[in-house]
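User: Hi! I'd like to learn how to read a few structural features from a model. Could you walk me through them?

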Amino acid sequence: MYRFIHLDDVSNLFIFSGIATVVTTRTFLFLTGYPQIGSGSGLHIAHVLFGGLLMMIALMLLFTFIPHVRFLFGTAIIGGVGFGLFIDEVGKFVTKDVNYFYEPAFVIMYMIFLSMFVVYRIVKRQGISQDEYLLNSIELLKESTRRKLSPSERQQALKYLTHCTADSILIPSLASYYAKFSPQPQNPSFKESVISRLRAIAEWKWFAKLLTLYFIFEAIILIFYAAFFFTTDGFVNTSETVILISCFVRGGLILYGAMQLHKSPSRTYSLFWYATVISITVVELFRLFDDPLYAFVWLLIDGLLLLSLNYLIKRKNQENTGVIPPDNLTSASES
């Protein structure tokens with residue numbers, strides 16, 4: 001099996017679409033008093049059915065049409081929304097009384113999303129092979145038969161070929177094709193427009209500084225919060241103990257990373273990244289027992305922070321190696 005080189009983008013879209021759907025659904029139902037579709041006719045059309053329908057549509061689209069990059073992004077969003085609607089009702093299917101408000105359901109949902117994140121990170125951890133670079137370059141060749149490639153896509157295709165050995169007869173032909181290919185300016189798609197705007201924000205000279213200041217401020221708050229509760233209440237229970245210890249660890253990682261900023265910005269952002277992962281994998285997990293919706297909202301925020309840090313880390317690594325940045329904001333760090 002060969003991996004899609006934009007695996008991070010597709011998986012991130014699927015996971016965050018699912019999480020955002022859970023948060024949006026729970027918030028909407030809370031604000032509207034938990035209405036039921038079809039209740040007047042004696043029926044209850046649960047939104048798990050709409051989730052299954054959207055996942056079926058995503059699969060049918062993949063089965064019916066030859067997939068390309070933009071197509072995969074769209075199906076990832078459709079499938080992610082469908083999965084979010086589906087998994088939001090997991091409480092009904094693990095309880096005898098079909099209890100939608102079963103509190104451990106949030107833990108189940110959280111662990112499922114977390115497991116997907118970890119699996120994708122494990123799959124991505126192994127470096128891209130030469131065959132995978134070649135096949136991904138061929139995917140862009142297929143794309144060029146459908147539409148004009150953008151200059152950045154042409155550049156990406158050539159970059160993929162530089163990672164391949166010359167023993168394949170396809171490489172010279174592909175390189176010649178892309179070198180002679182004259183991409184023409186085209187109207188950007190909605191997705192490209194959004195990514196372009198996000199990249200413009202991320203490349204704004206104050207973005208990295210503001211993000212760093214945010215983390216330093218967060219570290220100070222975390223340490224004072226943990227110190228205050230430790231000196232006043234002590235370790236009340238297991239959940240609170242884990243959260244307080246995590247606050248100390250996260251605060252320490254962030255402050256240590258801030259001190260490394262002038263020596264190695266990529267190391268600073270990496271330490272910030274690990275601090276955020278601790279928040280996602282430990283703190284928010286235990287927060288689920290006290291305030292589940294709050295934990296899921298912060299899961300979205302931490303996810304956006306991870307994407308921002310991934311971009312900054314990769315950009316710094318590319319500056320150090322002289323590699324041209326890819327035309328993609330959500331591409332995760334390969335370091």
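Analyst: Happy to! Let's start with contact, which means heavy atoms within 4.5 Å. Thr 75 touches Ala 58, Leu 61 and Leu 62, leaving aside residues up to four places away in sequence. A word on the source: this is a predicted model, where local features need pLDDT of at least 70, side-chain atom pairs count only at pLDDT 80 or more, and totals for chains, interfaces and linings use all residues. Residues are numbered from 1 along each chain as its sequence is written, and side-chain values use heavy atoms, with hydrogens and water left out.

User: Where does Thr 75 lie, and is Thr 75 buried or exposed?

Analyst: Helices (H or I, at least four residues) and strands (E, at least two) are DSSP runs, numbered from the N terminus. Thr 75 lies in helix 3. Buried means under 20% relative accessible area, exposed over 50%, and partly exposed in between (1.4 Å probe, protein chains only). With a relative accessible area of 7%, Thr 75 is buried.

User: Now salt bridges, please. How many does a search of the whole structure find?

Analyst: The general idea is that side chains of opposite charge can pair when their charged atoms come close. The cut-off here is a side-chain nitrogen of Lys or Arg within 4 Å of a carboxyl oxygen of Asp or Glu. Searching the whole structure gives three salt bridges. One of them joins Arg 26 and Asp 88, whose closest N and O atoms are 2.7 Å apart.

User: Why does the pair of Arg 26 and Asp 88 tie together parts that are apart in sequence?

Analyst: Arg 26 sits in helix 1 (residues 7-31), while Asp 88 is in the loop between helix 3 (69-87) and helix 4 (90-93), so the pair connects parts 62 residues apart in sequence. Arg 26 counts as buried at 8% relative accessibility, and Asp 88 counts as buried at 0%.

User: Which side chains meet in a salt bridge with Lys 92 and with Arg 250?

Analyst: Lys 92 meets Glu 89 (2.6 Å, N to O). Glu 89 is buried at 1%, and Lys 92 counts as buried at 15%. Arg 250 meets Glu 218 (2.8 Å, N to O). This pair links distant parts of the chain, with Arg 250 in helix 11 (residues 238-259) and Glu 218 in helix 10 (residues 207-232), 32 residues apart. Both Arg 250 and Glu 218 are buried.

User: Last one: which residues of helix 8 are buried?

Analyst: In helix 8 (residues 170-180), the buried residues are Ile 171, Leu 174 and Tyr 178. Seen down the axis, they fall within an arc of 70°, so they line one face of the helix; the arc is that of the directions from the helix axis to the C-beta atoms. Pro 172 and Lys 180 are exposed on the other side of helix 8.
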